[in-house]
Amino acid sequence: MKNIDVDLSRFNSFQSLSCVESYLLYILSTNNYDYRYLYALSYVSFSEIMNYFFNERKRFEYYNGVPRLQQIASKYNIILIKDFDKLSINIDSKHDYYLLRLCPEYIEETYGEVTWRDDHYVLLANYNDSMWTYINDDPRDCRTLNYNEMLTAYAGSLIRIDLVSGITDKMKDLLLQGFLDSMSENKKTFSIPSVDDIIAARNALAVLRILRRRIYEYCFQFICCDFMVDYLNELDKQFSLIEYMRLRNRVNYSKIDNMFSTLQQKDSKIIEAINGKMCENYG
Amino acid sequence: MERCVKTMDKEYEIIKVISSVSPFSDEDISLEDELASIGIDSLKKVELIVAIEDAFSIVFEDADLDPVQLVSVSDFVKLAEKYLNR
């Protein structure tokens with residue numbers, strides 16, 4: 001197993017939807033991969049996101065509107081990823097990296113909070129006969145446990161990740177084509193429902209801001225995307241305002257509806273601009 | 001001197017509130033820390049805003065609640081002091 005340099009500030013840069021995505025990006029960044037190429041398949045329309053949360057009434061933690069980054073990395077043979085249910089923590093040193101699933105009880109006791117999902121993982125940084133060091137993405141933490149403590153915290157599942165290949169020029173071309181196709185295909189559009197669920201509203205914005213930042217970071221390798229910055233900052237601000245309304249119990253759905261309507265118009269212009277510039281240069 | 005002590009007291013009180021939202025204790029938090037480095041993500045940032053409002057009986061204006069401007073502990077301290085000094 002490869003030891004990992006611990007630098008929790010790396011997580012600041014990642015646009016991830018899950019802990020596994022965070023750890024994958026951590027692994028790739030410590031191995032000097034330009035992981036932003038994996039963001040290529042992150043476009044989904046504003047109305048699709050709204051449909052997921054307000055028509056289908058699904059949850060943030062299981063968002064499946066775009067493929068997970070580990071699925072993309074696996075599909076393009078950048079990594080081999082395998083998950084196991086194993087009662088004992090069976091680390092085969094021939095393999096590169098391990099994610100260990102932790103018990104919700106341990107997480108709550110250690111960090112004083114509950115995770116989004118029951119299946120939360122940590123990244124094993126290094127271990128020996130007596131000490132196990134892991135990295136947690138949220139809250140950011142690096143912690144060393146003895147073997148018995150680790151066994152107590154462990155929830156019986158592992159994910160193993162092996163690095164197979166760098167991101168080759170051919171992969172980059174395929175990903176670019178995938179991006180262009182995703183931006184141009186005529187997908188079904190959904191009518192934007194009225195917002196009636198403050199948590200769904202917040203989570204819809206959470207997904208939107210992450211996915212639009214991914215588009216920004218991906219496209220910035222090809223074109224100047226400065227025109228996106230104000231919009232991205234506004235997404236962050238509206239996300240915060242909605243959460244503030246929720247915490248203060250001052251929910252104003254009419255205001256939120258107007259907010260989403262305005263954001264949708266801005267989003268549409270931004271996406272059109274991105275699509276235009278990318279197609280002009282690379283289509 | 002007295003004004004300097006009072007300023008430090010306010011800073012300390014604000015950091016105490018920050019530590020109530022962060023997994024870190026107030027002794028481990030400094031003005032220079034970025035919020036992300038002390039376990040305060042975008043959701044916790046809003047929780048922190050509400051906690052500071054409640055702790056000091058202030059109400060921030062929407063215009064001041066720009067996450068882009070609230071990146072570090074000192075950003076929050078400055079914002080809170082702006083309202084406390086009114």
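In which sense, left-handed or right-handed, does α2(B) pass α3(B)? Keep that for the chain B stop below.

**Before you start**

This is a predicted model: local features need pLDDT of at least 70, side-chain atom pairs count only at pLDDT 80 or more, and totals for chains, interfaces and linings use all residues. Residues are numbered from 1 along each chain as its sequence is written, while chains are lettered from A and ligands numbered from 1 in the order in which they are written.

**Stop 1: chain B**

Select chain B. Its secondary structure comes to three helices and zero strands. Helices (H or I, at least four residues) and strands (E, at least two) are DSSP runs, numbered from the N terminus. From that terminus on, the elements of chain B run α-α-α. The radius of gyration of chain B is 12 Å, close to the 12 Å that the globule rule gives for 86 residues, so chain B is as compact as a globular protein of that length. That radius is taken over C-alpha atoms, and the rule is 2.2 Å times the number of residues to the power 0.38. Along the principal axes, the C-alpha atoms of chain B fill a box of roughly 35 × 30 × 20 Å.

Now select residues 42-56 and 73-84 of chain B. These are helices α2 and α3, packed at an angle of about 35 degrees with their axes 11 Å apart. Axes are lines fitted to C-alpha atoms, for helices over the stretch in contact; angles run from 0 to 180 degrees between N-to-C directions. Here is the reply to the opening question: α2(B) passes α3(B) in a right-handed crossing. A crossing is right-handed if the near helix is turned clockwise from the far one by less than a right angle, and left-handed if anticlockwise.

Show the side chains at the contact. α2(B) brings B:Leu48, B:Ile52 and B:Phe56, and α3(B) brings B:Phe76, B:Ala80 and B:Leu84. Two residues are in contact if their C-beta atoms, placed from the backbone, lie within 7 Å. Colour this contact by class: six nonpolar, no polar and no charged residues. Ala, Val, Leu, Ile, Met, Phe, Trp, Tyr, Cys and Pro count as nonpolar, Asp, Glu, Lys and Arg as charged, and the others, Gly among them, as polar.

**Stop 2: between the chains**

Show both chains. 17 residues of chain A are in contact with 17 residues of chain B. Select helix α8 (residues 229-248) of chain A, which gives the most to the side touching chain B, with 10 residues. By class, that side of chain A has six nonpolar, five polar and six charged residues.

**Stop 3: the domains of chain A**

Colour chain A by domain. Domain 1 is 1-32 + 79-163 and domain 2 is 43-67 + 168-283; the bounds come from an automatic or database domain assignment. Their C-alpha centres lie 29 Å apart. Four residues of domain 1 of chain A are in contact with six residues of domain 2 of chain A. The domain 1 side of this contact has two nonpolar, one polar and one charged residues.

**Stop 4: the sheet of chain A**

Select the six strands of the open sheet, in the order β1-β6-β2-β3-β4-β5 of chain A; the pairing is antiparallel. Two strands pair if DSSP finds at least two bridges between them. β1 (79-85) and β5 (141-146) of chain A stand at the edges, each with a single partner strand, so one side of each is left without a neighbour in the sheet. Neighbouring strands are turned by 30 degrees against each other on average, direction ignored.

Then walk across the strands:

- β1(A) and β6(A): seven bridges. A:Asp85 stands opposite A:Ser157.
- β2(A) and β6(A): five bridges. A:Leu99 stands opposite A:Ile159.
- β3(A) (residues 120-127) and β4(A) (residues 131-136): four bridges. A:Leu123 stands opposite A:Ile135, and A:Asn126 has A:Thr133 as its bridge partner. A hairpin joins the two strands through three residues.
- β4(A) and β5(A): six bridges. A:Ile135 has A:Cys142 as its bridge partner. A hairpin of four residues makes the link.

**Stop 5: two backbone details**

Zoom in on A:Pro139, in the loop between β4 and β5 of chain A. A cis peptide bond joins A:Asp138 to A:Pro139, with omega about 0 degrees.

Finish at A:Asn32, in the loop between α1 and α2 (46-55) of chain A. Phi of A:Asn32 is near 60 degrees, a positive value in a residue other than glycine.
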